[in-house]
Amino acid sequence: MSQYTQPQQPYAPAQTPGSRPARNGLGISALVLGIIGTVSGLVPFFFWLAGILGLIALILGLAGRGRAKRGEATNKGVTTFGAVLGLVALVLSVVGAVLTFKAVDDVVTDINKAVADSSASAKPAADGGAAGGTAGGAEDKDDVLREGDSAAYDDGLEVTVNAPAAYTADEFAVGYTKGNSAYTVSVVIENKGKEKFDAALVTVDARAGEGGVNAEQIFDGSVGEGFTGTILPGKKITAKYAFDAPADAKNLTVEVAPGFDWDASQWELKL
């Protein structure tokens, strides 16, 4: 009778009753989010991110501490530090929000002040003649100036538009319509303020006739360049503009805007 040995089954050690893996995930997450939230709170305009991450880190940290007290986690120190960083991130987010809103409010206030300080007041022509007298009446009624009058701004800038003169555009002119009339207008800008003025932002437009039709600006080899560069304090600059107007037009309304922060002024010129 043959005998054989039965193979033995692998032995698996019995698990110790009551032992479970440590659940340290909440503490680690709280620490990571707390660090990111605190760093975000130190960066301008990232207060909102610091607030969100700080709140989540604080919640996870408190939940992790409760888990550590029950013996389900072993990283009580990490969890506590994560909760503290979450609280710090929340405080930084509040401070950042206050500083950001205050900075935005200061910028808006400065812009409004700059716009308010750049309003123009009419200044009659220096010769005190008919043009100057007409400008005085126009200023009281509708703030429209006449030839030779100046628009004086509070920051020391003065804009003067002189009387129009008939102009003959060359054959390659752009903006001139055959059969219409062409006129040139000299615009003088004087900087009586303390800061240099960027003349490249000046815009000059015109309307012709009683109907106020748009008068196209003429560009040819002699006119059309406009203002360029800057004007230093105490200096002035002159540019000549040419406009196309209907042949029967009796007046030309010229509007000059020194820039975005200045009110535009109008001159009513007789043709």
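First, the ground rules. This is a predicted model, where local features need pLDDT of at least 70, side-chain atom pairs count only at pLDDT 80 or more, and totals for chains, interfaces and linings use all residues. Residues are numbered from 1 along each chain as its sequence is written, and side-chain values use heavy atoms, with hydrogens and water left out.

Now the whole chain. Its secondary structure comes to 4 helices and 13 strands. Helices here are DSSP runs of H or I with at least four residues, strands are runs of E with at least two, and both are numbered from the N terminus. Of the 271 residues, 37% are buried. Buried means under 20% relative accessible area, exposed means over 50%, and partly exposed is in between, with a 1.4 Å probe and protein chains only. The chain exposes about 16500 Å², and carbon and sulfur atoms supply 59% of that; the areas come from the Shrake-Rupley method with a 1.4 Å probe, and for residues only the protein chains shown count as cover. Among contacts with a separation of 6 or more, 71% are between residues 24 or more positions apart, a contact being heavy atoms within 4.5 Å.

Next, helix α2, residues 47-69. How far apart are its end C-alpha atoms? They are 33 Å apart, which agrees with the 33 Å that its 23 residues should span at 1.5 Å a residue. The expected span is 1.5 Å times one less than the number of residues. The buried residues in α2 include Phe47, Leu53, Leu58 and Arg67. After α2 comes Gly71, with a positive phi near 85°.

On to the sheet. An open sheet of 5 strands runs in the order β2-β13-β12-β8-β9, with mixed pairing. Its edge strands are β2 (144-145) and β9 (213-214), each of which pairs on one side only. Two strands pair if DSSP finds at least two bridges between them. Strand β8, residues 203-208, is joined to β9 by 2 bridges, and these strands run antiparallel. Val213 in β9 is the bridge partner of Ala208.

Last, the salt bridges. Side chains of opposite charge can pair when their charged atoms come close. The rule used here asks for a side-chain nitrogen of Lys or Arg within 4 Å of a carboxyl oxygen of Asp or Glu, and the count comes to 6 salt bridges.

One of them joins Lys192 and Glu158, at 3.3 Å from N to O. This pair links distant parts of the chain, 34 residues apart: Lys192 is in the loop between β6 (181-191) and β7 (197-198), and Glu158 is in strand β4 (residues 157-161).

Another joins Glu190 and Lys236, at 3.9 Å from N to O. Glu190 lies in strand β6 and Lys236 in strand β11 (residues 236-245), so the pair ties together parts 46 residues apart in sequence. Glu190 is partly exposed at 22%, and Lys236 is exposed at 54%. Within it, Glu72 and Arg70 have their closest N and O atoms 3.5 Å apart.
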